[in-house]
Each structure stands twice: as structure tokens, then as C-alpha cells.
Amino acid sequence: MPGLTADVRWQPAHFTGSRAIVEHLTWGQVLVERDIRRMPPGTAYNVTVPVLIPDGVDLAMVCAAVGALAGRFEALRTRFPRRDGRLVQEVVDSGSIPVGVFSGAGPAERFAATARELDEQLQATPFDHDRDLPMRVLVCVHRGVPRALVLCIAHLAADLQSSRLAARVLAEMLACRAAGRPDPATPELVHPADLAAFERSPRGRTVSAAAVAHLRRQLNAIPLDNFAALRPVAPAEPRFWRGVLDSPISAPVLGLLADRYRTSTATVALAVTAVLLGVVAETDRCGLLLVTGNRTTAPQRASIGTLTQHMPAVVDLTGPAFSDLVRHCWGTAVRAFRHGRFDPVDGWAALTEVSRERGAEPEIRCFFNDMRGAPETPPVTAPLDSDVAQRVLAEPNFRWTERRPAAGPSFFMEVGDVLDAPGQLRWTLLADTTLLPPELIRAVLTGVDRLLVRLLDTDLLLSEVGEAAGLRGVVAPH
């Protein structure tokens, strides 16, 4: 069991599944396994998701629901031992999930703070993939009543979307048990072992071949370096910094703009990211790796696994207006997501071949990732309160969350939900400070809302974006 600083007692949540099976890794698992091999030994690669426990649910009911969740989804009862020199996925048909129980009787604020610390410790504790099942649960009991729990799932078993799905299904199970109803019915889904079998089939190989062909076209088209126009400066210490901005106005403005342009908020967010990258990199053409969720069918959307992959995309920033960029980004993203599933081994071979032909590796160090869950309500189209907007722009909720020396992306922008503040969006930017000094990382993040608010007033020319975002005078001379 993981060692946590607070007093946590552990107990098993037993499960029974429908089958035991051993299969190859899926394409998504192959990508994660390579990421793990590149990390320092002992590095955790987990996702944690909170779940509120409804009134009327005791600890025994929580454990029973956790066991039912693992029994339903094979990904949550899978080990990853090494067979014949390579990892495989080994699904077990019975066993138990470790459930930690943290109890407290003090003030609610202190209890909540300790629970948050335990969440962070749980996320930072690696799994032994050869022996451990890929899920742990921490239940927080305040004054004898279970209030909330944290699901911790290894990334090798589930990506972020799947971890959120597991949390939603568990919350539904707990609500049903509190009301004395049976668990919700299991929809049609595809388990990782079945997905791996499809990927090795002739049809799966055809899907991969088409996607790798698109990948090769993108690798031949994207720049070799988005930042070729810049001269690197002395790095900060340590070199790679991550800033975070929590915004209460991004979501409604993205909704208004998406309604205006008749597109998705994800497309507008991609266009904003690309144009700000173009401003700081002083380029009118950039390459971005897009994170593809690969959930195009109802069974895939109902499944838990690691389906996420990456596809490079070329973004033309010549415009001339932002509306032109939005239309371009929509087509670019659709093509990337249509070809998001492929055998990584074939993809790496294509990258090696194209790099040799072009004399250098194409730009695959800049990322955009929309981590938001599926929207539960239509986009907001009500007018934005100008007083609220000006107050947010004057006092942005910005902070630094990570500084690390290890090699990382040149530019990695993410947008996601703020789980404890519904309606807010969280923008994060991890960047190389030889290219984006810390003050520029901060300026890009705070510039997102400035740009979005200006776009409500007018369809800006792309040449006007830097000033609208407040980046004039902040972009470091190179």
C-alpha cells in the first residue's frame, strides 16, 4: 500500500469480473509505456479524480461500489507484467482494490486541506505495474460520515477522459445505492483487450496505415522549428516553468465566439493558442501536436482505457483575420482527429524517415490539449458582464505550479475545467524559458482573456493580436 503522511487505514474492495485474459498492449498503452520508460525511475504517472459521496452511503457501500466498478471495467483490474521481453495487459477476473480511509473530526477547513494533501500524495505514488492493479481509492470520512473519495488510476490503464468517466460511473452507483436502486445498466463498450485485438486485425492495420499516411504528410509540411526566428536567451533556473491561470470569463466568451463562428469552443481555443504562439515565436506558420481523444463511437465513449494519441497539425497564421484562422483550425483539427489512431511503432518509423529526408526532426515539441470534459449544457450566449470582465483582466488569478530542469516541450498549452469551481476554465502553459522567459509565459496566459474579450468587440486582424493580448513590450527581444 502507498505510504501517506496522514493516518490512513487500508481495506480491500472485492470484485468479480466476467473473464481473465492476456493481450498485447493497445496503441495508446504503447505510447504511455514509452513515456514511463523515459521518466526517472520511481516517477508516478497517475490521474486522480474526486467523487462526492451522497448522504446515506456508509463505508461498506462505498467499498461495494468500488468493487462493482472494477468488475464492470476490465481496464481497472489489469496488471502489466513483462512477458518475453515486453509488457502485456493481464486482466484478472477476481481480486480486490485497495481502499484507504482517512478519518478526521476537526474543523472542516483543516480536514479538507489534509484531504487535498493526501490526494497529491496519492497521485505522486507510483504503481508497480507488474504486481499492482491500476486503481487505488482514498475515502475521506469526516466525523464518522464518508464525505468524498479520490480515485487514483494509473495512466497506463486509463487516460484523463477515462478516469473522469470512471468517477462519473462511480458517482452514479453511489447515488443509486443511496436511493436503494440497482446500479445503472452497463452500456455497450469496448475493453482494452478487445481493442488490442482489433488493432492487430487486418481492419485495424488499414486504420493505422491511413493515419500514418496523414501523419507523414503533416511531418513533411510542418516547420522544422516554430521558434527559428528567435535567438535563445539564458534559461531561468530551473529551465522549464509551468504557469496556471484560472478564468471565470473564458468559458462564456468561448461560447459566445463559438456561436458567432458556428463552430466548437475547442476550435476557438485552438485558434487562440495558435495565434498567441505565432506572436511569441514571430512566425506566420506553426506546427502543433494535437491530443486526439479517439472516442468517435458510443462504445468508445462508454469505455475506460488509454485511447489518447497525438497528431501533428500545420496551422497557417496568415489570416488575414481571426475568423479566417478559426475556419482553418476547424478543418485542420477535423483531419487530425479523423486520423488520430495509429500504431505508434509505425508512427515513430515515419518520423525517423521524414527527419532523415528533411535533415532534422520536424517540430513536435509544441502541444495543444483541450482537457475539458463533455459539456453538460449548451454554450453560454448571454452578454458578458463588462464590469466582471474588467475586474478579472485587472486581477488575473495566475500562479506558478511547476519548475523543472528536465527536458520538456518548447510550448505546451492546455485548457481544462476547474473541478472545484464549475464554470471556470484553467489555462496552463509549460514552456522552455530559453524561448519564453517567465514574464512572457505569464503574459501569454493573462493575454488569453484579454484577447477573447477584444474578439467579442471585433474580428481582429491577426497582425493586431499581439497588442490586443497585451503582449506588446513583453515579447523579449531576440
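Two strands pair if DSSP finds at least two bridges between them. In this predicted model, strand S14 (residues 366-370) meets that condition with S16, because five bridges join the two. S14 and S16 run parallel.

Strand S16 covers residues 411-417. Six of its seven residues are buried, so S16 is largely enclosed by the rest of the structure.

## Salt bridges

Side chains of opposite charge can pair when their charged atoms come close. The whole structure holds 23 salt bridges. Three of them are set out below.

| Pair | N to O distance |
|---|---|
| Arg 37 and Glu 33 | 3.0 Å |
| Arg 242 and Glu 414 | 3.6 Å |
| Glu 402 and Arg 404 | 2.9 Å |

Begin with the pair inside a helix. Arg 37 and Glu 33 both lie in helix H1 (residues 27-38). They are four residues apart, about one turn of the helix. An α-helix has 3.6 residues a turn, so residues three or four places apart point the same way. Arg 37 is exposed, at 53% relative accessible area. Glu 33 is buried, at 12%.

What does the salt bridge between Arg 242 and Glu 414 tie together? The side chains of Arg 242 and Glu 414 meet at 3.6 Å, N to O. Arg 242 lies in strand S11 (residues 240-247) and Glu 414 in strand S16, so the pair ties together parts that are 172 residues apart in sequence. Both Arg 242 and Glu 414 are buried.

The third pair has another setting. Glu 402 is partly exposed, with 24% relative accessibility. Arg 404 is partly exposed too, with a relative accessible area of 25%. Salt bridges with shared partners join Arg 242, Glu 402, Arg 404 and Glu 414 into one network.

## Aromatic contacts

A pair of aromatic rings is described by the distance of the centres and the angle of the planes. The structure has five aromatic pairs. One of them joins Trp 241 and Trp 400. This pair is edge-to-face, with 5.0 Å between the centres and 85 degrees between the planes. Trp 241 lies in strand S11 and Trp 400 in strand S15 (residues 397-404), so the pair ties together parts that are 159 residues apart in sequence. Trp 241 is buried, with a relative accessible area of 9%. Trp 400 counts as partly exposed, at 28%.

Another pair is formed by Tyr 261 and Phe 322. Their rings are tilted, 6.2 Å centre to centre and 50 degrees between the planes. Tyr 261 belongs to helix H7 (residues 250-261) and Phe 322 to helix H10 (residues 322-338), so this contact ties together parts that are 61 residues apart in sequence. Tyr 261 is buried at 17% relative accessibility. Phe 322 is buried at 0%.

Together with Phe 398 and Trp 400, Trp 241 forms one aromatic cluster. The charged end of Arg 403 sits over the ring of Trp 241, 3.9 Å from the ring centre. Elsewhere, Arg 136 lies over the face of Phe 127, at 3.9 Å from the ring centre.

## Helix H8

Helix H8 spans residues 265-281 and has 17 residues. From first C-alpha to last, H8 reaches 24 Å, close to the 24 Å expected at 1.5 Å a residue. Is H8 mostly covered or mostly exposed? H8 is mostly covered, with 15 of its 17 residues buried. Just after H8, Glu 282 takes a positive phi of about 55 degrees.

## Cysteines

How many disulfides does a search of the whole structure find? The search finds zero. Cys 140 is in no disulfide, and the nearest cysteine sulfur, that of Cys 152, is 13 Å away. Cys 140 is buried, with a relative accessible area of 4%. Cys 329 is in no disulfide either. For Cys 329, the nearest cysteine sulfur is that of Cys 286, 8.2 Å away. Cys 329 is buried, at 0% relative accessibility.

Terms used:
Residues are numbered from 1 along each chain as its sequence is written. This is a predicted model: local features need pLDDT of at least 70, side-chain atom pairs count only at pLDDT 80 or more; totals for chains, interfaces and linings use all residues. Side-chain values use heavy atoms; hydrogens and water are left out. Buried means under 20% relative accessible area, exposed over 50%, partly exposed in between (1.4 Å probe, protein chains only). The expected span of a helix is 1.5 Å times one less than its number of residues. A salt bridge is a side-chain nitrogen of Lys or Arg within 4 Å of a carboxyl oxygen of Asp or Glu. A disulfide is a pair of cysteine sulfur atoms within 2.5 Å. Rings of Phe, Tyr and Trp (its six-membered ring) pair if their centres lie within 6.5 Å; planes under 30 degrees apart count as stacked, over 60 as edge-to-face and the rest as tilted. A charge sits over a ring if NZ of Lys or CZ of Arg is within 6 Å of the ring centre and within 35 degrees of the ring normal.
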